[in-house]
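Here is a short briefing on a two-chain model. Please look at the sequence and the structure first, then read on.

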Amino acid sequence: MTDILTVHEVRINEEIDIVHVRQAARDLAVSVGFSLVEQTKLVTAASELARNTLVHGNGGRARIELGRALDGTPTLRLAFTDTGPGIADIDQALTDGYSSAGGLGLGLSGARRLADDFDLDTEPGKGTTVTVGFRARRPARG
Amino acid sequence: MSRTSVIELQDVLLVTIQGELTDRDAMALQEELTSSVASSSARGVLIDVSGLDIVDSFLARTLHDIAAASALLAADTVVVGMRPEVAITLVELGLTLPGLGTALTVADGMDKLNGSARPR
């Protein structure tokens, strides 16, 4: 279980919105003390998924939730939702190197590796929601 | 939003990328840089990415494509100054960029392009 502290939404309708998603994700991650490596991973994952939403989903939105796990650990959850064509073959979409748009095919599979939690909800013809979750790992204090 | 500068230093193009790059910025850089390599007869391209917070798969592919196009125009490419957290993230993303020349600093990168890499 996670308590949600704040929610931030960013529309993804044009290319510059990918930058807006990155900035919002970084600002929130910094505000609760994610380490530099953790920030970089989550901002990179956000960039990949925001691009997917724009390119494959014909646009949509990112919902960024800042929360706290039961043990007090800060968490960041990013959900990318589009109403695009959906993903017909999920296994294929999650395969390294598979791309339907001439990219490197690492966006979805790479974001999954970067995240602590990953969820993909898609229906052909209806749209796709990809959710990634991150937990801050603060060094133990002596 | 991003600031990219290209300086011609002897026969090397020194490229500095800073700030937030959109995909279009990255593609524009690739086109401009490749044209500059041809028009200047540069022997090398040195790309300083120390000002970048992240390198995602799109930008990584652009760097790779710049190096490939420059190679066809007889110029070597070296990427310098990648931040450690960016390197860690790229590897986890699945992008190790084989074939892309790298160096830690601009000075090391220049040495590498001049074929006199200092022993470390």
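The points below cover the model, each chain, the contact between the chains, and some single residues.

This is a predicted model: local features need pLDDT of at least 70, side-chain atom pairs count only at pLDDT 80 or more, and totals for chains, interfaces and linings use all residues. Residues are numbered from 1 along each chain as its sequence is written, while chains are lettered from A and ligands numbered from 1 in the order in which they are written.

**Confidence**

- The predictor's confidence in each residue is called pLDDT, and it runs from 0 to 100.
- Chain A has a mean pLDDT of 90, and 93% of its residues reach 70 or more.
- Helices (H or I, at least four residues) and strands (E, at least two) are DSSP runs, numbered from the N terminus.
- Among the elements of chain A, strand 3 (residues 74–82) of chain A has the highest mean pLDDT, 97.
- The lowest among them, 85, belongs to helix 3 (residues 90–93) of chain A.
- Where pLDDT is low, the predicted coordinates should not be read in detail.

**Chain A**

- Chain A holds four helices and five strands.
- Their order along the sequence is β-α-α-β-β-α-α-β-β.
- The radius of gyration of chain A is 15 Å, close to the 14 Å that the globule rule gives for 142 residues, so chain A is as compact as a globular protein of that length.
- That radius is taken over C-alpha atoms, and the globule rule is 2.2 Å times the number of residues to the power 0.38.
- Along the principal axes, the C-alpha atoms of chain A fill a box of roughly 50 × 25 × 25 Å.
- A residue is buried if 20 or more other C-beta atoms lie within 10 Å of its own, exposed if 12 or fewer, and partly exposed in between; C-beta atoms are placed from the backbone.
- Of the 142 residues in chain A, 40% are buried.

**Chain B**

- Chain B has four helices and five strands.
- Along the sequence, the pattern of chain B is β-β-α-β-α-β-α-β-α.
- The radius of gyration of chain B is 13 Å, close to the 14 Å that the globule rule gives for 120 residues, so chain B is as compact as a globular protein of that length.
- The C-alpha trace of chain B spans about 35 × 35 × 25 Å along its principal axes.
- Buried residues account for 35% of the 120 residues in chain B.
- Two residues are in contact if their C-beta atoms, placed from the backbone, lie within 7 Å.
- Among contacts in chain B between residues at least 6 apart in sequence, 71% join residues at least 24 apart.

**Where the chains meet**

- The contact takes 22 residues from chain A and 19 residues from chain B.
- On the side of chain B that touches chain A, helix 1 (23–40), helix 2 (57–72) and helix 3 (84–93) of chain B each supply at least two residues.
- Helix 3 of chain B gives the largest share of that side, six residues.
- By class, that side has seven nonpolar, four polar and eight charged residues.
- Here Ala, Val, Leu, Ile, Met, Phe, Trp, Tyr, Cys and Pro count as nonpolar, Asp, Glu, Lys and Arg as charged, and the others, Gly among them, as polar.

**Helix 3 of chain B**

- Val86(B), Thr89(B), Leu90(B) and Leu93(B) are buried in helix 3 of chain B.
- These residues cover an arc of only 100° around the axis, which puts them on the same side of helix 3 of chain B.
- The arc is that of the directions from the helix axis to the C-beta atoms.
- Pro84(B) and Val91(B), on the other side of this helix, are exposed.
- The cover over the buried residues of helix 3 of chain B includes helix 2 and helix 4 (107–114) of chain A, together with helix 2 of chain B.

**The nonpolar core**

- A nonpolar core is a set of buried Ala, Val, Leu, Ile, Met, Phe, Trp, Tyr and Cys residues joined through C-beta atoms within 7 Å.
- The largest one has 63 residues, and Val45(B) and Leu46(B) have the most contacts inside it.
- Helix 2 (residues 36–55) of chain A provides the largest share of this core, eight residues.
- Beyond its neighbours within four places in sequence, Leu46(B) is in contact with residues including Val12(B), Leu14(B), Val78(B) and Met110(B).

**Two positive phi values**

- Gln10(B) is not a glycine, yet its phi is positive, near 50°.
- Gln10(B) sits in the loop between strand 1 (2–9) and strand 2 (12–19) of chain B.
- Ala74(B), also not a glycine, has a positive phi of about 65°.
- Ala74(B) lies in the loop between helix 2 and strand 4 (76–80) of chain B.
- Most residues other than glycine have a negative phi.
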